[in-house]
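Biologist: I'd like to learn how to read a model like this one. Could you walk me through it, a feature at a time?

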Amino acid sequence: MNYNYCFHAIVFLSLFISFVECQQFSFEETKLNNNNGETGIGERWAVLVAGSNTYSNYRHQADVCHAYQILKKGGLEDENIIVFMYDDIAFAGENPRPGIIINNPYGPDVYYGVPKDYTGENATADNLLGVILGNRRALTGGSGKVVDSGPDDTIFIYYADHGSPGCVSMPHGIPLYAKDLIHTLKKKYEANAYKSMVIYIEACESGSMFDGLLPNNWNIYAITAANPEEGSYAFYCDIEEYGTCLGDVFSISWMEDSDKHDMSQETLQQQYEVVKRRTGFDTPSRSHVMQYGDTSLGNQLLYTYIGRINPQITNRTFINRSLSVARKTVAVNQRDVELFYLRRKFENAREGSQQKIEVEKKLNSEISQRQYVDRGMNHIATSLFGQQNGLHLLEYVRPAGQPLVDDWDCLKMFVKIYEEKCGTLTTYGKKYTRAMANMCNFGIKEEHMNMASTKACSNEFSTPWSSLQDGVQHD
């Protein structure tokens, strides 16, 4: 009797231990999926921003849609992924595959399932800052989703679009200025509303959004596609069927790296090294990928922010074909993509057709508009500083570690004055925000900027792009 009792007790104890171990494994697996497998880490949040519109800027929305698919596969829920995009690409008349967006010539549809949180006129800088802060009262339109994060949560922010010294564009309304972004991040930090944050920015002069501005003690790690004084590059630009670029070098570098790795085995620093190499060395046209803020966060694993992908289920054939195409593809400076797009359309249009005539007009208009901006800014600079000093002012770059401008309100005011007198700053024209920042740093007064801009863009110099006409806007 005692023997039977002991036997059954041992069997029961063994089953109980197995049950506990099974439950513990299940708990650990759940914790890995939901809480990154680290004690004290809460939810993962992500904000994805495509800052442009129009079909010629196809790549930015393609980048953001691809990023969404990575996050989704990595286990983030839609309620924690907030997407800004104009949403005018998938069903654009020029899209050869209506309802489908790709980020690679051999890539899958990345548009399917993407949340439409802030689209069209709701994709604004003010809404973006409100979303990051978790301030629903600051929103105007959109889904109302915000980063409602707590002190144990992680946040990933990815932005892709055109940039210029000190700001990045948004699909609608005024651009996002570096100072406003930094101010918002500071408020988020002071509210103890996250554990750590990672920001990736794809844009020309994107380093100027953080250089001399983002401290290293806010638990924020940022990498940018370019340093504060250079352009970033569009990629996969020679796919004749599409006639425009499908992605951007920096963006496809980090995303294609994420596609082929188990992100529980790769750190942020390791991905930075891969992206830095591909963006800065492996393409004919290059930019310098930069790090800012708390670089010690680079030791953390990617899945802490952007999820976990099992490499066994990744499409290896797609990746191998992508790498093969990447070695031969064309990279184009972001500011020149509009010209590239129009020239490609002109070349492909049938000789003597109405389409060829219309495209030629748009191409000539784009070239003339650039010349107009160059003449106007040269005239303003030389009026304020003289011929030699004025030309130097247009190109002067502050030493690394210094912010673009000391008085951000002055910069905003000078941009406003220029646009009132000379017309909206286009993607190309926005490169001159550095010159306007230099004017502020050298103490130029509002009335002097007003007079110089009026003189540069008066009737004598008036063209279809001056403020005396309708102006031209290329986001």
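This is a predicted model: local features need pLDDT of at least 70, side-chain atom pairs count only at pLDDT 80 or more; totals for chains, interfaces and linings use all residues.

Biologist: Okay, which residues is L185 in contact with, leaving aside its neighbours within four places in sequence?

Modeller: L185 touches I132, Y194, M197, I199, L214, W218 and I220.

Biologist: And how do I read a nonpolar core?

Modeller: In soluble globular proteins, nonpolar side chains tend to be buried together. Here the largest nonpolar core has 69 residues, and the members touching the most others are F84, L185 and F210. Helix α12, residues 408–422, gives the most to this core, with 8 residues. Apart from it there's another core, of 58 residues, including A62, I101, F156 and A225.

Biologist: How many cavities of 30 Å³ or more are there?

Modeller: The count comes to 2. The largest cavity holds about 80 Å³ of space.

Biologist: What lines the largest cavity?

Modeller: Its lining consists of V49, L128, I132, I157, Y159, V168, L176, L181, I199 and I201. By type, that's 10 nonpolar residues, with no polar and no charged ones. Helix α3 (125–133) and strands β3 (154–160) and β7 (196–202) each supply at least two residues of that lining.

Biologist: Now a loop residue. Is T267 buried or exposed?

Modeller: The cut-off for buried is under 20% relative accessible area. T267 has 15%, so T267 counts as buried. T267 is found in the loop between α5 (249–259) and α6 (268–280). Beyond its neighbours within four places in sequence, T267 is in contact with G298, N299, Q300, L301 and L302.

Biologist: What about the chain as a whole?

Modeller: The protein chain has 14 helices and 12 strands. Of its 475 residues, 54% are buried. Among contacts with a separation of 6 or more, 75% join residues 24 or more positions apart.

Biologist: Last one: how do I read the confidence?

Modeller: Look at the pLDDT, the predictor's confidence in each residue, from 0 to 100. The chain averages 87, and 83% of the residues score at least 70. Over residues 1–39, pLDDT stays under 50, and the model has 18 contacts beyond four places in sequence for them. Residues 464–475 also stay under 50, with 42 such contacts in the model.

Key: Residues are numbered from 1 along each chain as its sequence is written. Side-chain values use heavy atoms; hydrogens and water are left out. A nonpolar core is a set of buried Ala, Val, Leu, Ile, Met, Phe, Trp, Tyr and Cys residues joined through side-chain atoms within 4.5 Å. Buried means under 20% relative accessible area, exposed over 50%, partly exposed in between (1.4 Å probe, protein chains only). Helices (H or I, at least four residues) and strands (E, at least two) are DSSP runs, numbered from the N terminus. Contact means heavy atoms within 4.5 Å. On a 1 Å grid over the protein atoms alone, a cavity is a set of points where a 1.4 Å probe fits but cannot get out, and a pocket is an open set with protein on both sides within 12 Å along at least five of seven lines; lining residues have an atom within 4 Å of a point. Grid points are joined across faces, edges and corners, and a volume is the space filled by probe spheres set on the points. Ala, Val, Leu, Ile, Met, Phe, Trp, Tyr, Cys and Pro count as nonpolar, Asp, Glu, Lys and Arg as charged, and the others, Gly among them, as polar.
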